[in-house]
Amino acid sequence: METEIRLFGGKVYKKEDLMELEPDLLRALLRERVHHTIEVPLYTLLLKQEIKPMPNFGNHAQIIFDVWKERNLPEWGPDIDWAKRYLDIASKIRKGERPAIPEIDEVLPQPFSNSDLNVVRKLILERCSIRNWVNKPIPDSIIEQILEAGRAAPVGCNLDEVRFIVLKTPEEKEMVWSDIATENAVIIVICYDKRIPQVVGQDKYVPHNPGYDAAAAADHMLLMAHALGLGGVWLSKTVKSDCTEDTGERFKKLYGLPEYIEVAMHIAIGWPAVGSIKSQRVPLSDMIIKK
């Protein structure tokens, strides 16, 4: 049985390394190893008629979880429960046992009813950018729903490196550069923890993933805001150039964020003051390069 973890890209972790790793990073490594060594190969494996013993199946994830328990770290939480579920299945695969159906009871995607599809189309096709808001506070319960939508967005390799900062006061919002007035809006700054891709080596071979993950979270949050009757707009940070400064780096310094937190973008959300003529895209036929 393997006793060390070797990741794609060359990173190697021995048990003593895992014992010293910060809990947030160890947790991210656990999620990534469960994803790549159990979740990804599992369902293809289950399509086979016979499952032969695979002594190393999911072993990386099991090594990490054993260290997690040895360090007396919390053995609960949505991601930990998810990991434990896969680890139980992997233990059976290692012995050549086929997991029972109740252990994998997720329902396959089913077509929506026409009424449900109408709601989905309404949300996707009617959402538009709003840049003017009335002076009306957004209840914390609504902000929570919007953040939960961002939390539910797809994330590359289940790393969960995306982080949110909610800015409400004028003093806080002044720290974020924007080309529109945001005094009546709440600003959600979308960041990511650079250490998490680094701990699994993804900063080398898929460095673009954290930006994509942040963008997916932003889109989910803007859709939820629209569904809740609010209006939002996507705002990008600027990068350093001959005529601009790095506004994300400026915000990090003003807000006192650690170096490893990277600002990706921000969105402004509030109660709409006025509607807008929704922008229209070029015909679909012009967007399809090959069909």
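The exercises below, each with a worked solution, concern a predicted model.

**Exercise 1. Describe the dimensions of helix H3 and decide whether it is enclosed or open to the outside.**

Step 1. Helix H3 covers residues 59-70, which is 12 residues. From its first C-alpha to its last it reaches 16 Å, close to the 16 Å expected at 1.5 Å a residue.

Step 2. Buried means under 20% relative accessible area. The residues of H3 that are buried are Asn-59, His-60, Ala-61, Gln-62, Ile-63, Ile-64, Phe-65, Val-67 and Trp-68.

Step 3. Because 9 of its 12 residues are buried, H3 is largely enclosed by the rest of the structure.

Step 4. The packing partners of these buried residues are strand S1 (5-6) and the helices H1 (15-20), H2 (23-46) and H4 (78-94).

Step 5. Just after H3 comes Asn-72, with a positive phi of about 60°.

**Exercise 2. Trace the polar contacts that involve the side chain of Arg-195, and state where Asp-193 and Arg-195 lie.**

Step 1. Asp-193 belongs to strand S4 (residues 186-193), while Arg-195 is in helix H8 (residues 195-199).

Step 2. The relative accessible area of Asp-193 is 2%, so Asp-193 is buried. For Arg-195 the value is 13%, so Arg-195 is buried as well.

Step 3. The side chains of Asp-193 and Arg-195 make a polar contact at 2.8 Å. The side chain of Arg-195 also makes a polar contact with the side chain of Glu-22, at 2.8 Å.

Step 4. Not counting residues up to four places away in sequence, Asp-193 touches Glu-161, Tyr-260 and Ile-261. With its neighbours within four places left aside, Arg-195 is in contact with Glu-22, Asp-24, Leu-25 and Tyr-260.

**Exercise 3. Characterise the largest pocket by volume, lining and residue class.**

Step 1. The volume of the largest pocket is about 550 Å³.

Step 2. Its lining consists of 20 residues, and those nearest the centre are Arg-31, Arg-151, Asp-160, Val-162 and Arg-163.

Step 3. At least two lining residues come from each of H2, H4, helix H6 (140-151), strand S3 (162-167) and helix H10 (209-227). H2 has the largest share, 4 residues.

Step 4. Sorted by class, the lining has 10 nonpolar, 2 polar and 8 charged residues.

**Exercise 4. Carry out the analysis for the second largest pocket.**

Step 1. This pocket holds about 220 Å³ of space.

Step 2. The residues lining the second largest pocket include Ile-124, Leu-125, Arg-127, Asp-219, Trp-234 and Lys-278.

Step 3. Helix H5 (114-126) and H10 each provide at least two lining residues. H10 gives the most, with 3 residues.

Step 4. The classes here are 5 nonpolar, 3 polar and 4 charged.

How values were computed: Residues are numbered from 1 along each chain as its sequence is written. This is a predicted model: local features need pLDDT of at least 70, side-chain atom pairs count only at pLDDT 80 or more; totals for chains, interfaces and linings use all residues. Side-chain values use heavy atoms; hydrogens and water are left out. The expected span of a helix is 1.5 Å times one less than its number of residues. Buried means under 20% relative accessible area, exposed over 50%, partly exposed in between (1.4 Å probe, protein chains only). Contact means heavy atoms within 4.5 Å. On a 1 Å grid over the protein atoms alone, a cavity is a set of points where a 1.4 Å probe fits but cannot get out, and a pocket is an open set with protein on both sides within 12 Å along at least five of seven lines; lining residues have an atom within 4 Å of a point. Grid points are joined across faces, edges and corners, and a volume is the space filled by probe spheres set on the points. Ala, Val, Leu, Ile, Met, Phe, Trp, Tyr, Cys and Pro count as nonpolar, Asp, Glu, Lys and Arg as charged, and the others, Gly among them, as polar. A polar contact is a pair of N or O atoms within 3.5 Å; within protein, one must be able to donate a hydrogen and the other to accept it, and residues adjacent in sequence count only if both atoms are side-chain atoms.
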